[in-house]
Structure formats: C-alpha cells, structure tokens
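Let's take a look around this one together. Have the sequence and the 3D view ready.

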Amino acid sequence: MGAKEGSSYRQDVVAVKSRCWRALTWLRGTLLGSNQLANDGHVDDENQERGNWSGRLDFFLSCLGYAVGLGNVWRFPYLCYKNGGGAFFIPYCIFLFLCGMPVFCMELAIGQFSSSGPLTCWECAPLFRGIGVGMVLVSSLAAIYYNIIISWSLWYLFASFSNPLPWAECGSWSTPLCSGRLHPVTENCNNWANLTAQSNGTCWFSGRDANGTAESYLYGIYNASLARLHGIFVRASSNDYMNYVALQDKLGSFLHTGPLRWDMSLCLLLAWIIVFLSLSKGIKSSGKVVYFTALFPYAVLIILLIRGVTLPGCGNGLEFYLTPNVTKLSESGVWKDAAVQIFFSLSSSWGGLITLASYNRFKTDCIRDGMLISICNCATSVFAGFVVFSFLGYLAQELNTNVKDVAQSGVGLAFIVYPQALMKLPGSTFWAILFFLMLITLGLDSQFTCVETAVTSILDRWPHLRRYKTLMIMTFCIVVFFLGLSMCTPGGLQLLTVFDDYSGAWNVMVITILECVCIGYVYGVRRFVKDVELMTGPRIAGFLPWRYFRWWWMACWCFLTPVIVGITLVFSWVKFEPSKYDGEPLPLGAQVFGWTLTLGVLTGLFAWSAASVWQMRSDPGQLIRPTRFWGPALVRFRREVTYVPGFEIDPWGRDNSNEHSNQAKKVEDEATSHNFMNEAFNADDVKA
C-alpha cells in the first residue's frame with residue numbers, strides 16, 4: 001500500500017469511527033432522555049425535576065398555536081363585517097394593548113417565575129389559590145368539547161377523499177329546499193299546467209308519478225325575497241349534508257340526543273390518540289409536533305388567499321370585510337364584541353399560558369415573547385378575514401345573492417359555507433382536504449395545551465406522580481374521551497353549543513379580575529415588576545428599558561385591564577341572551593345545564609380559596625403574604641432575589657445551587673471521554 005493510499009485509508013477509518021461515536025452519543029442521549037438541544041449553553045434541562053423546553057422556538061410556537069385557534073378563522077372575520085368593517089380594527093387594537101396583551105404577559109411571567117402550573121403558582125397570595133382551580137376546570141371543560149370539533153374535521157377530511165365531493169349534489173338525504181332540487185321558474189310558473197303559483201313566491205307541482213299515485217312537491221321559487229318573508233329559504237347542499245349526514249344535528253336535540261354514532265365516535269377516538277401520542281413525552285414531544293401544527297395553518301391560509309383573490313366576485317367579499325362604517329363605533333355592542341373577542345382569542349385566564357411558561361428557562365424574556373405572540377395572533381385574525389371573505393364574495397356571486405346572505409361564523413362557516421365554496425372550484429377534492437387539515441391543526445395546538453394544563457397541575461400538586469406522567473396523560477385522555485361521547489350523537493352540536501357558551505365565558509372574566517387584584521394589590525405590583533426584571537434583564541427585547549416601560553404594565557395590571565374586563569362583564573350581564581342554536585333559544589334544560597357549568601367553575605374557585613382560609617385561620621395574615629416556597633424553583637436564582645428582605649433561599653433544604661457546576665462537569669466529562677476515544681482512534685491509525 002502506498003503512502004498516499006495509506007493516508008487516505010486512515011482518514012476514512014477516522015471519519016467512520018467519528019460518525020459511529022456521534023451516533024452512539026446521540027443514541028445514548030435519546031435513551032437516557034438527555035437534552036442536547038438546549039440553546040442557552042446548558043446540558044440537559046435547567047430544572048431537572050420538571051424539565052424545560054428543548055429550545056425557545058418550541059415555547060414560542062406552542063404559545064402561538066395555543067393562542068391562534070379556530071376562533072381566529074371562523075369568528076373574527078364575521079365580527080369585523082358585523083361591527084363596521086375596517087372600523088372594527090380600532091376598538092380591536094385598543095383592547096389588544098389595554099386588556100389582551102397585559103394579561104397574556106402577566107400570566108407568562110407568573111408561570112416562568114414560579115416554574116409552576118396554575119394550581120400551585122398562587123403561593124404568592126394563598127387567598128387566591130382558587131384561581132388555579134378555576135383555570136384547571138375551564139381547561140378541562142374545553143378539552144371535552146374542543147376535541148369534538150377536531151373529530152368533526154376528521155370526519156369531513158375522510159369524506160373529502162372522493163370526486164365529486166359528497167355534498168356537491170342534493171342526494172336522497174336532502175330536503176325539498178336543497179338548491180339542487182329546485183328548478184328555475186318564472187312568476188307564472190313557466191305557464192305549465194301542473195305547476196301552481198303560491199302567494200309565498202313558490203311554485204308547486206301537482207300530478208301523478210309513474211305508478212299513477214298522486215303527488216305534490218315544491219318545484220321552484222320564482223320570488224326569493226317574497227319566499228324569505230314567509231320563512232322559506234333555499235338551502236345549500238352542504239347545509240343539508242351537515243344537518244342530515246355529517247353532524248346529523250337536525251335528527252336530534254339537547255333533550256333528545258339520539259343514538260351514539262359509531263363513525264363519529266371512531267373519529268373522536270382517533271383525535272384523542274393523536275393528542276396522546278403528541279403529548280406522550282410531555283413538552284419534549286409536543287414541542288416538536290407544534291413545528292407542524294402551528295405553522296401548517298399559515299401555509300394553508302396563504303395558499304387559500306392566493307386562490308381566493310383570483311376568484312370572480314372576491315372583490316365584493318373584501319369590500320364587505322374592509323369598508324369602514326365609523327358610525328358603528330358609537331354603538332356599545334361593537335366595543336363589547338371587540339373586548340370579548342380579543343380576550344378569548346388570546347386564551348388568557350385558562351391556565352394554558354402559565355403552564356407553557358412554567359417550562360421556560362428562568363432567564364427567558366417572556367415579556368418580549370408575550371408581546372410578539374399577541375400581535376401575531378391579532379394579525380392572523382385580520383389575515384384570515386381576507387381569506388374568508390374572498391371566498392364568500394365568490395360564493396355570493398355563484399349563488400346570485402348578497403355577501404351578507406352567505407356570511408356566517410362558527411360551525412356554519414367551517415362546515416357549510418366553506419365546503420359549498422370549495423366544491424365549486426376546479427380540483428375541489430384537493431382544496432377540501434387542505435382546508436380540513438388546516439382546521440385539524442388549528443384545533444390540535446389548543447387541545448394540546450388544555451390537556452397539558454390539567455396534567456401539569458396534577459403533577460405539580462402531587463410531585464410523586466411525575467414518574468407516571470405518560471400514564472397520567474393516558475388516563476386523562478381516556479376519561480375525557482368517554483365524557484365527549486355524549487356529543488357524538490345527533491344532539492351533540494346543541495350540547496357543544498352550551499359547553500362553548502357557558503364553560504369559558506363569564507367565569508373566565510372573573511378569573512382575570514381576580515388575577516389583576518392578586519398581582520396588583522395583594523402581592524404587590526412593584527415587587528412583581530422586579531420579579532420580571534430578574535428574569536428578563538434591564539431591557540425588554542434588547543432595546544426597551546424596563547425601568548420606564550414597566551410603568552405602562554403597572555397601570556394596566558392595577559387599573560386599566562381589571563376595569564375594562566369588569567365593564568365588559570357587567571355589560572354582558574345587562575345584554576344577556578340565552579344560548580341559541582340555529583337562531584332559536586335552546587330549551588330551559590340546556591340553559592340550566594350551562595349555568596351549572598359556569599357556577600361549577602366559580603364554586604370550585606371559591607371553595608378552594610375558602611379551604612385556604614380555614615387552613616390558615618390561626619394566622620389570617622398568611623393569606624395575603626407569599627409562602628416560604630414562593631419564588632424561583634432553583635436555589636441559584638432564589639439567591640438573586642435580593643430586593644425582598646428575609647426571602648428564604650432554600651425552603652426545601654435541598655441546595656441545588658451547584659446544579660450548574662454539575663452540568664458543567666458533565667460537559668467536561670463527555671469532552672474528556674470524546675478526546676479519549678479520539679486518541680484511541682489515532683493510536684489505532686498510527687499502528688495501521
């Protein structure tokens with residue numbers, strides 16, 4: 001062997017051995033659960049007991065996916081059109097900066113500073129421990145019905161794998177008012193002997209069928225406006241398909257739900273399997289799944305917008321969406337809608353934000369992340385409006401009607417209007433699959449956090465269960481799956497409507513007000529802003545000086561935000577309307593059940609706080625003082641809380657201040673081991 005060939009051979013051997021060593025190191029880290037992806041220089045997690053996000057982007061995308069949900073796509077655009085078009089952006093942005101963003105950032109800071117979920121993070125003022133119970137109950141109730149919407153989307157996704165789409169024509173399942181069953185007629189009913197013009201704007205056929213049996217049926221509508229005055233509306237084929245095939249909501253009711261549907265039950269089971277697999281390793285697995293579930297909806301929205309603005313009639317839809325009607329701003333209902341939408345759009349006071357932030361590394365700039373996520377969330381809502389109304393304009397032109405007649409929100413937009421518009425496009429199967437995949441991913445991110453909130457709260461309250469976290473997640477998924485089966489019936493849509501209207505409405509506003517009172521007045525806003533500075537440093541986002549910027553947040557947390565939420569809450573009581581389905585109030589039993597959900601959350605909240613009062617009855621002053629365990633979870637960060645006299649550094653008696661040095665030693669040991677292996681390889685090469 002020549003010298004050059006020998007040298008090349010040794011280089012190849014070294015390269016192969018180096019690759020094998022890296023592969024073994026990666027495999028060892030995977031099997032032992034070590035995390036080499038941390039981007040702040042630490043090996044493994046900063047908090048060994050609870051764990052941390054693998055990277056900052058995991059946290060950011062998880063929060064973004066949690067905040068950006070179905071409401072951004074199927075509720076905001078309709079509210080914008082309803083409340084003055086482009087003028088609605090004014091109150092919407094005002095409430096974003098006065099209400100939504102302050103609460104969002106406050107909850108991120110609480111979770112990150114305490115490294116605790118919502119059930120145990122209120123040791124800053126034990127009197128308010130009940131806030132955590134209320135948050136966990138709201139998230140648990142949301143987990144029950146939110147996955148139902150995902151199961152509906154899965155059902156439609158599977159149904160979309162056909163050409164033509166199953167709702168493209170009025171089948172045997174449709175009603176006489178289905179658009180495909182009606183024929184074009186003139187005012188004199190085409191002068192046909194068998195057709196009779198009615199005073200309600202319709203033409204009826206009277207005659208005999210092939211067997212000689214007399215029959216009479218609606219043949220067509222010659223005056224749509226007159227027919228609507230008599231309560232006769234032409235129904236889109238997608239409308240009948242949803243009512244009688246997909247959701248079958250017209251075949252059941254709240255009081256008579258009907259039989260359990262096996263096909264929808266299987267879709268619900270599949271939805272829960274997806275959730276469990278994504279959360280099986282906690283944030284380590286869900287933090288990777290969100291790279292797809294949080295970003296995919298944006299890719300689909302961009303694709304749909306490009307397609308939408310090329311459709312005929314899109315301009316009419318966008319005009320309805322954007323044309324400002326400033327006179328609407330004088331109506332109190334517009335401001336109430338803006339406050340409610342921005343509040344619930346960000347998913348504040350559900351406990352999810354505290355949960356996600358509790359897995360952050362202590363020195364993360366959570367205020368920067370909170371501000372950016374809040375703005376991205378609202379920008380997504382506005383962007384989704386362009387997508388929705390470009391298609392609504394196209395659909396209105398196809399149906400020869402006005403945009404306002406096809407504009408809907410919620411379930412109607414997702415499962416009636418959009419499917420009807422998509423079926424008229426070339427390649428409708430592709431567009432339908434893309435759309436329902438987007439709905440699924442929009443819902444999954446929020447569902448991940450709801451489940452993680454409930455499980456994290458349990459594990460923080462009873463830490464000895466952490467070793468069984470996967471089992472706890474599985475148990476929670478199984479229990480909530482069986483609770484959700486009640487909505488896999490024809491009456492399930494009405495039941496879901498009650499859950500949606502009552503489980504996270506007024507009670508969430510009450511939770512927000514209590515949060516602001518706790519942080520602003522009981523714990524002390526001045527101490528809280530120092531806690532924030534300890535985590536973020538003297539500058540927010542690298543350029544905003546916290547010493548000046550904090551005054552804005554203090555004003556919001558102490559006054560502006562609780563006052564705005566309080567006014568919105570009172571206004572909602574004054575303008576209260578019972579829960580409705582298809583424009584009609586639900587029966588009394590549904591309203592009673594809904595109020596039971598609302599009061600159940602508030603009862604749990606105040607009962608847990610009352611238990612703290614009883615527990616500390618010997619010294620009531622403890623109720624409004626932080627406990628000795630309040631503060632950072634790691635001793636080395638607790639040593640930095642020098643602005644609080646008498647702050648206890650190590651209340652657990654387990655000094656973990658040398659944790660960083662232990663991790664550094666691990667890095668040094670691994671580097672030494674790696675060098676040793678390289679030296680061994682080199683020695684082998686020399687011998688060769």
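What follows is a short tour of cysteines, a helix pair and an arginine.

This is a predicted model, where local features need pLDDT of at least 70 and side-chain atom pairs count only at pLDDT 80 or more, while totals for chains, interfaces and linings use all residues. Residues are numbered from 1 along each chain as its sequence is written, and side-chain values use heavy atoms, leaving out hydrogens and water.

The structure has two disulfides (pairs of cysteine sulfur atoms within 2.5 Å):

| Pair | S to S distance | S-S torsion |
|---|---|---|
| cysteine 170 and cysteine 178 | 1.8 Å | about -75° |
| cysteine 189 and cysteine 203 | 2.0 Å | -95° |

The link of cysteine 189 and cysteine 203 is left-handed. Cysteine 189 sits in the loop between helix H6 and strand E1, and cysteine 203 in strand E2, so the pair ties together parts 14 residues apart in sequence. Helices (H or I, at least four residues) and strands (E, at least two) are DSSP runs, numbered from the N terminus. Cysteine 203 is buried, at 0% relative accessible area (buried means under 20%, exposed over 50%, partly exposed in between, with a 1.4 Å probe and protein chains only).

What about cysteine 121? Its sulfur is 7.0 Å from the closest cysteine sulfur, in cysteine 124, which is too far for a bond.

Over in helix H21 you'll find arginine 527. Leaving aside neighbours within four places in sequence, arginine 527 is in contact (heavy atoms within 4.5 Å) with Pro626, Trp630, Tyr643, Val644 and Phe647. The C-alpha atoms of arginine 527 and valine 644 are 8.1 Å apart, though 117 residues separate them along the chain.
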